[in-house]
Amino acid sequence: MTASGSNLTKEYTQWSQNQRSHQCRSQHYNDGNYQADRPEKLKHRSTSRCHINEVTWLFMLCLLVLLPLNAFANRLSDTKLHEIYLDNKEIKLSWMVDWYKQEVLFHLQNAFNEQHRWFYLGFSKRGDIGDADICFFENQNGFFNVVTDTYTSPNGKFVHKDYQQDCVLFKMDEYTLAFKRKFDTCDPSDFRMHEGTMYVMWARGEKDLQLADYQFPFPNVSQHESGIQMMQLLRSDKILIPETDLKVVEIRLHNVTIPDKETTYWCHIQKLDDFLVHKHHIVQFEPIIITPGLVHHMEVFHCETDWNANIPLYNDDCEQMPSAAKVCSKVVALWAMGSSTFTYPPETGLPMGGKTYNPFIRLEVHFNNPEMRKGLVDSSGMRIKMVSQLRQFDAGVMELGLEYTDKMAIPPGQIGFPLSGYCIAECTEVALPRTGIVIFGSQLHTHLTGVRVLTRHFRGADELREVNRDDYYSHHFQEMRNLRYKPRVLPGDALVTTCYYNTVGKDNCTLGGFSISDEMCVNYIHYYPATKLEVCKSSVSEETLENYFVYMKKKEHQHGVHLSGARSKNYESIKWTQPRVDQLYTMYIQEPLSMQCNKSDNTRFQGYQWENAPVTPVQIKIPMHRKLCPNYNPLWLKPLDRGECDLLGECIY
């Protein structure tokens with residue numbers, strides 16, 4: 001064992017012992033009752049379970065030692081291990097990503113108890129039980145030693161034993177199990193792991209299964225003994241904050257009565273603490289959510305104006321916000337449903353404070369209240385942690401994608417209609433420094449119909465590696481994600497953010513806009529070094545849209561279109577056929593743009609004519625993720641990740 005491996009062992013052993021000690025204490029003092037007061041049988045069970053966990057974690061330690069080591073090997077146990085409770089209380093899933101071997105190591109704690117005969121962990125495309133990839137773990141004849149790789153029928157009624165077994169079991173006992181799976185097994189009946197959102201299925205039951213058979217009915221269990229969790233399995237390592245002297249600021253609402261209407265944007269302006277007269281770096285922010293399910297997303301904006309300008313305090317609907325507060329538009333922190341704490345890399349932090357820094361800040365909360373519930377009170381907001389010892393780089397936040405406008409529309413009945421927002425080369429040429437910027441974080445955002453989002457990176461005629469992609473995107477799970485691959489964007493590069501929307505079942509078009517029933521397409525990127533470029537977004541140009549409506553009225557005989565009328569009404573009056581859908585799509589990808597190349601005060605950069613700017617040519621193509629596999633895709637099998645395709649040639653499911 002190398003010296004670094006020895007240090008890793010010591011570090012992890014201490015961490016493991018602390019974990020076990022904490023777990024045993026929590027079991028001994030469960031519900032406030034001392035161990036001495038518990039029945040003899042329960043005492044024995046606690047002792048036994050602690051012993052079992054010790055054995056399992058020692059096994060995981062051996063796995064850790066075998067992992068490739070890097071400069072941060074002595075902190076491997078703190079940064080490589082990810083954890084989540086599948087049932088929010090008992091069943092704990094821990095996992096580590098081995099990027100070198102292209103596999104994931106899983107550990108499940110409290111998967112079984114005395115009653116359960118089996119447990120499964122599986123992967124689904126969008127949470128459906130049909131065409132799912134499942135590893136079954138079973139107790140046969142009193143021995144927890146049977147694992148079976150299976151897949152489900154398209155209708156989810158039957159489970160089939162896979163001809164290729166890829167769930168590699170390490171250990172299974174009466175409480176826990178550990179196993180591994182490759183990212184890509186080259187088995188067309190297995191689900192290929194990816195860096196986007198994955199739907200992880202789990203269940204456990206008390207009745208024996210017929211795993212020896214090649215087909216058996218999908219087990220029916222209660223909601224308490226099963227579930228589906230959305231998560232990013234192939235995620236980057238956790239980031240630790242090296243500084244210990246942290247200062248905390250909370251920016252939050254104060255007992256706001258949520259309006260009884262579907263969509264409300266609530267604004268709250270407050271003055272920052274006096275210590276921010278000196279410059280600090282934000283190193284972490286986390287949400288404070290008081291009414292889950294109603295708070296859709298939040299943003300914190302700084303008021304970018306003279307340091308001595310007095311911004312009026314405000315706490316009401318954003319539509320009535322005083323005009324003096326319009327300067328409060330520079331993004332500081334943001335959150336959306338499904339997201340959690342975001343931590344900056346140790347080389348950078350978002351600047352806050354200073355002698356010329358205006359002390360006012362605005363919190364904007366989007367309340368989504370479709371049931372028009374009355375009388376609900378909210379005090380949600382953001383908790384921001386910062387350091388006074390400045391880091392190497394100032395970080396910035398930039399919005400990519402589509403402008404929030406009803407100039408953009410999605411026809412009804414589409415499986416995956418794409419809309420693209422452009423950050424064109426002309427904008428990055430005038431706005432970015434010569435050495436470019438490094439993107440380290442990304443949060444993709446749509447409303448209800450978004451099903452896939454990606455941002456592509458172009459340098460001249462060459463397409464580089466994607467900035468971020470989520471092929472199984474859900475608006476319920478909009479994480480701010482640290483990127484493992486951190487692209488450098490140079491002046492003259494172009495970034496194209498494309499969102500795909502599923503409008504099957506809708507009778508009318510969906511418009512761009514702020515309401516939850518409207519649509520958005522945004523990638524909030526975190527990067528360094530900071531620039532003045534705050535918004536790099538687009539929409540179709542006004543002139544192009546006017547010409548489109550003239551064409552629809554005169555050539556397509558859509559008499560509900562009024563050339564001097566509201567564009568939203570014109571879109572809604574069109575009788576959508578497939579040729580008209582194709583015409584709309586062609587306009588969006590070929591015609592000139594209205595380009596928002598904006599600073600934080602909403603003024604555009606000088607040096608280019610941003611109205612009727614040229615669109616970046618982007619080919620819509622089916623992504624080829626799968627590596628070359630020997631004997632892959634025999635004719636009688638269909639890969640699970642190849643699903644429905646829309647008429648524009650893009651597979652989304």
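I take a disulfide to be a pair of cysteine sulfur atoms within 2.5 Å. A disulfide is a covalent bond between the sulfur atoms of two cysteines. The model is predicted, and I therefore kept to its rule that local features need pLDDT of at least 70 and side-chain atom pairs count only at pLDDT 80 or more, while totals for chains, interfaces and linings use all residues. Residues are numbered from 1 along each chain as its sequence is written, and side-chain values use heavy atoms, with hydrogens and water left out.

**Entry on the disulfides**

How many disulfides does this rule give? I noted a count of 6.

I looked up Cys 423 and Cys 536, which are joined with their sulfur atoms 2.0 Å apart, and I noted that this link is right-handed, with 90° about the S-S bond. Cys 423 lies in strand E28 (residues 417-423) and Cys 536 in strand E38 (residues 533-540), so that distant parts of the chain, 113 residues apart, are linked; helices (H or I, at least four residues) and strands (E, at least two) are DSSP runs, numbered from the N terminus. Both cysteines of this pair are buried, where buried means under 20% relative accessible area, exposed over 50% and partly exposed in between, with a 1.4 Å probe and protein chains only.

Next I turned to Cys 427 and Cys 597, a disulfide with an S to S distance of 2.0 Å and a right-handed link of 85° about the S-S bond. Because Cys 427 lies in helix H4 (residues 425-431) and Cys 597 in strand E39 (residues 593-599), the pair ties together parts that are 170 residues apart in sequence. Cys 427 and Cys 597 are buried.

I also looked up Cys 267 and Cys 318, whose sulfur atoms are 2.0 Å apart in a disulfide, right-handed with 100° about the S-S bond. Cys 267 and Cys 318 are both buried.

**Entry on the sheet**

In what order do the strands of the open sheet of 7 strands stand? I read the order as E11-E7-E6-E5-E4-E10-E12, with antiparallel pairing, where two strands pair if DSSP finds at least two bridges between them. Strand E11 (215-217) and strand E12 (226-231) stand at the edges with a single partner strand each, so one side of each is left without a neighbour in the sheet.

Strand E10 (residues 198-205) pairs with E12 in the antiparallel sense over 6 bridges, and I found Val 200 opposite Gln 229 in E12.
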